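I opened this notebook to keep track of what I looked up, beginning with the chain as a whole and then turning to single elements and residues.

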Amino acid sequence: MKLLLISHNPICSYNGMGITFASLLSGFDPSELCQLYIYPSYPDMDRCASYYRVTDKEVLGSLFHRGTPGGPVPGRQIHSRQSRYEDERDEALYRQPRNKKPLRRLGRDLLWRLSGWYSPALRAWLERERPDRILVAPGAGRFLYDMALRISDDLKIPIAVYLCDEYYFTPERKDPAGRLQRKLLRKKMEELLSKASLLVTISEELRAAYSARFSLPVSVIMTGSTLPRARGQASAEDPQTLCYFGNVRSNRYRSLIEIGRCLDEINREQGSAYRLRIHTFEKDPGILGRLQEVGSIELPGFLQGDAFTGALLSAGVLIHVESFDKESMEKVKNSVSTKIADSLASGVPLLAYGPPGLASIEHLRRHQCAFLCTAPDRLRETLLRALTDREARSSVVSNALETAAAFHDSAENSRRLYRLLEAIGGDAF
């Protein structure tokens, strides 16, 4: 079997989706993989026989200079010292909130449609790699769906779709551009899923929604842990430090501020020194400024690789948060955070703070594998229990390790995906 992965991000250890791909495909031999991706970054792990990159800037440039956008990624660009973006200016551009506006997304789709992304160079690369299946992880841009459909049609190979976020069952928009963008995206998703042989989702909530609407096989494979599963509780007997890792946007920083303020109150009343360390790649001065206003919050910086693993395993309590505002809830309602897998496997107790009904929160509730707070007025009580109740921490960790074994074992999850993809070969197209 030779699988072509089509996605926004490369397989990597510094990005949520890249980590997810690394886990999902961990059981594949590199000779069985090739990847076509579009973000202006490079892999930090050599997991594929070959990578091919076409970026937005290259596509835009091809419209004016008639050059070939993108090309195979040179081997010298694949190394462990890679950062999230090739160029700091790209990071500032890609993380602009305006990029999620409907007009921006419509314009980006038009840019790709008018471009020559499907160049002779890309076709020659595909002929050399000879994939016989496609796994596409699409998003809010229709152009990635078009990539999968075009290549599938040309090479006569079946498509499997991987969904870890919600793009179809989204609320109706009031603005004309938003309504148009939503309508076109839903139509494109219907086209892709009508031609796909398999859909894999990250959560039971996504599986239920899509299996009820679309007539194709749907399986759940959750993100696997990048850590070996701990044998028991790894946290300190008297935890003093709570740690959060990852993205603070979608208003997650507001929930972190609430936790920090609650810790400030506890510290004042009890003379304690509890700290909340937030390891994030966020650079927005407005968001960072709000976090820095809270006395118990520390911002040591973003970590990856061994530094991330060391900080996670040395934490007293790990934190997962979601926002309570309606718009943010809609964005993440059926998703499960990448970091949850590592948290559950770590042996460190996890505290989750967010509204009920979200897939991440409900996964933790179903398996009783975290200290769970779904209402702001219960936050202080939940924090104190996590920090002071040794037996409760032991119970939470025991359940977490069982949940990690059942749902977040990278090797087993990758084997399952391999078997599913093998089954769509032959006459599937």
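The model I am reading is a predicted one. On that basis I recorded 17 helices and 14 strands for the protein chain. I then looked up the radius of gyration, which is 22 Å and close to the 22 Å that the globule rule gives for 429 residues, so the chain is as compact as a globular protein of that length.

**Entry: the whole chain.** Along the principal axes, the C-alpha atoms fill a box of roughly 70 × 45 × 40 Å. I noted that buried residues make up 55% of the 429 residues, and that the accessible surface comes to about 18800 Å², with 48% of it belonging to carbon and sulfur atoms. Among contacts with a separation of 6 or more, I found that 72% join residues 24 or more positions apart. For charge, I listed 60 positive and 52 negative side chains, and the centres of these two sets lie 5 Å apart.

**Entry: helix 16.** I looked up its extent next: helix 16 runs over residues 390-407, has 18 residues, and reaches 26 Å from its first C-alpha to its last, which is close to the 26 Å expected at 1.5 Å a residue. Which of its residues are buried? I wrote down A392, R393, V396, V397, N399, A400, L401, T403 and A404. The cover over these buried residues includes helix 13 (338-345), helix 14 (359-367) and helix 15 (379-388), together with strand 13 (350-353) and strand 14 (371-373).

**Entry: L3.** This residue belongs to strand 1, which spans residues 3-7.

**Entry: M147.** I placed M147 in helix 6, where its relative accessibility of 0% makes it count as buried. With residues up to four places away in sequence not counted, M147 touches I6, L36, I38, W112 and W117. The C-alpha atoms of M147 and L110, which are 37 residues apart along the chain, are separated by 14 Å.

**Entry: P102.** Helix 4 covers residues 102-114, and P102 lies in it. Is P102 buried or exposed? It counts as buried, at 7% relative accessibility. Its contacts, again without residues up to four places away in sequence, are R173, D175, A177, G178 and Q181. I looked up L372 as well, 270 residues apart from P102 along the chain, and the C-alpha atoms of the pair are separated by 35 Å.

**Entry: backbone angles.** I kept one general point in mind here, namely that most residues other than glycine have a negative phi. K156, although not a glycine, has a positive phi of about 60°. I located K156 in the loop between helix 6 (142-155) and strand 6 (159-163), and with a relative accessible area of 51% it is exposed. S250 is likewise not a glycine and has a positive phi of about 55°; I found S250 in the loop between strand 9 (241-245) and helix 9 (252-270).

Methods:
Residues numbered from 1 in each chain as written. Predicted model: local features only at pLDDT ≥ 70, side-chain atom pairs only at ≥ 80, totals over all residues. Heavy atoms only, no water. Helix = DSSP H or I, 4+ residues; strand = E, 2+ residues; numbered from the N terminus. Rg over C-alpha atoms; globule rule 2.2 N^0.38 Å. Buried < 20%, exposed > 50% of the residue type's maximum accessible area, 1.4 Å probe, protein only. Contact = heavy atoms within 4.5 Å. Areas by Shrake-Rupley, 256 points an atom, 1.4 Å probe, with all protein chains shown as cover. Lys, Arg positive; Asp, Glu negative; His and termini not counted. Charge placed at Lys NZ, Arg CZ, Asp CG, Glu CD. Expected span 1.5 Å × (residues − 1).
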